[in-house]
Amino acid sequence: MFKFDFDIEEDEDAQDLLNLGIESIKLDDSPSKTTGTEQSTLELEPFSEIPLKQLLDTLPALISYSPLAIPLTSPRKSTNFVRRDLFDARFQLISEGAGDVVEEPSQQEEQKIMPSSSSGATRQALAFLDAPSDLVPGVYEGGLKTWECSLDFVDYLDGLKESAEAKSFVGKKTLEIGCGTGVPSMYILREILSALVGTQKVPSKTEIHLQDYNGSVLQLVTLPNLLLTWYTSPHAEKYRSAIDDDEVAPRIDLSVAGELPITPELKASFLDSLESLHISLRFFSGSWDTFDPRETIGTDTYDMVLTSETIYRNDSLQPLIRLMQSACLGTADGTNTASKEYCCLVAAKVLYFGVGGGISDFLKAVESHRATCSTVLERKAGVGRKIMSVRWP
């Protein structure tokens, strides 16, 4: 069991949200740690798609949120979002009886509580919220927390707007692998929604696909964060005007923590808004080994593929690389069947102490697929971080 000590911890003081602390990894010596031999026998989560409506149906009647200010190198200095509080996710699980010692729920009950294929996923999620272990291979992969490299992605993507090659995300298809709290996708969705304000003729379909190993992560943090991103956009004004009640449909100040009532009308308005804007959000859980975008989803290749803080374990590099290659090219064997341009970006720390992974091992693994990498953003303070652009042959 591994413990990462450099995540963006939630804090009562919003100014301390980005105080990253010590960048190191400690190896937990508890008896439950997974050895290399045990890893090979783990039963990995199978791939599955969790419908957006099903995720919305699992939301409680009220969610609490806190501000997230992300530093930028551009003249704007920072950009602001709100994200769901982890303590609120914990409260949801407890209120649904996740901490009770009861007999195993029926398949129907478990699906209603937690859209995940693994038995006891609800209690498992609560365990990591109560005493969070940042990595238990094959069980929990750290998705309940926000990590620095996902913030680096926002800075880099925002900087692209100033470049001559800047292109809109509208009409494109994006995949975020190992999305966790989904911060890069929150930024992309916000940019799409901003670009479509006042648009008379909505262009072709825009797709954002998000994948995480744990279905519970998608339910507890990923979907709520995207919903909050929509709610803070002008497109939610129609809902607020129809409700005309500041307690039921409050306006959100991006610098202040608060609560948002999740009403049936809000969920319906969210879905109607996405449909009218031709925006598709799709959510996938499970292991990369079983995730083939071409065969499993039947999708075309992606315009943009993003993955952040996912190269910390060497034995997962090959499945990750095959997935990225397939998502960009349409195949995982190096044959380029795609004619359109793509952007494939990997954000990571130079070294993950105690785990054995890092950028140098990733570069070696990628080179075995005849791909090339170039650094497009670099942070040198503390444990170094990079964003790399991957080009497949």
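Buried means under 20% relative accessible area, exposed means over 50%, and partly exposed covers what falls in between, using a 1.4 Å probe and protein chains only. With that in hand, take Leu-223, which is buried because its relative accessible area is 0%. You're looking at a predicted model, where local features need pLDDT of at least 70, side-chain atom pairs count only at pLDDT 80 or more, and totals for chains, interfaces and linings use all residues. Residues are numbered from 1 along each chain as its sequence is written, and side-chain values use heavy atoms, with hydrogens and water left out.

- Leu-223 is found in helix H8 (residues 215–231); helices (H or I, at least four residues) and strands (E, at least two) are DSSP runs, numbered from the N terminus.
- Setting aside neighbours within four places in sequence, Leu-223 is in contact (heavy atoms within 4.5 Å) with Leu-52, Leu-55, Leu-56, Leu-59, Leu-218, Phe-270 and Phe-283.
- Leu-56 is 167 residues from Leu-223 along the chain, yet their C-alpha atoms are separated by 7.7 Å.
- Phe-284 sits in strand S9 (residues 279–285) and counts as buried, since its relative accessibility is 0%.
- Again leaving out neighbours within four places in sequence, Phe-284 has contacts that include Phe-47, His-209, Leu-218, Phe-291 and Ile-297.
- Between Phe-284 and Tyr-213 there are 71 residues of sequence separation and 8.2 Å of space, C-alpha to C-alpha.

**Strand S4 and its partners**

- S4 (residues 62–71) is mostly covered, with 7 of its 10 residues buried.
- One partner is strand S8 (residues 258–261), which pairs with S4 in the antiparallel sense over 4 bridges; two strands pair if DSSP finds at least two bridges between them.
- Within that pairing, Leu-260 in S8 is the bridge partner of Ile-63.
- Strand S5 (residues 78–84) also pairs with S4 in the antiparallel sense, over 7 bridges, and here Tyr-65 stands opposite Arg-84.
- The hairpin of S4 and S5 has 6 residues between the strands, and Lys-77 takes a positive phi near 75° there.

- Val-350 counts as partly exposed because its relative accessibility is 37%.
- The buried residues of H13 are Ile-359, Phe-362, Ala-365 and Val-366.
- They cover an arc of only 120° around the axis (taken from the directions from the helix axis to the C-beta atoms), so they lie on the same side of H13.
- An α-helix has 3.6 residues a turn, so residues three or four places apart point the same way.
- On the other side of H13, Lys-364 and Glu-367 are exposed.
- Helix H12 (317–329), S11, strand S12 (372–379) and strand S13 (385–391) are what the buried residues of H13 pack against.

**Positive phi in two loops**

- Most residues other than glycine have a negative phi.
- His-278 has a positive phi of about 60° although it is not a glycine, and it lies in the loop between helix H10 (264–276) and S9.
- With a relative accessible area of 37%, His-278 is partly exposed.
- Glu-309, another residue other than glycine, has a positive phi near 55°; its place is the loop between strand S10 (304–308) and H12.
- Glu-309 is buried, because its relative accessible area is 9%.
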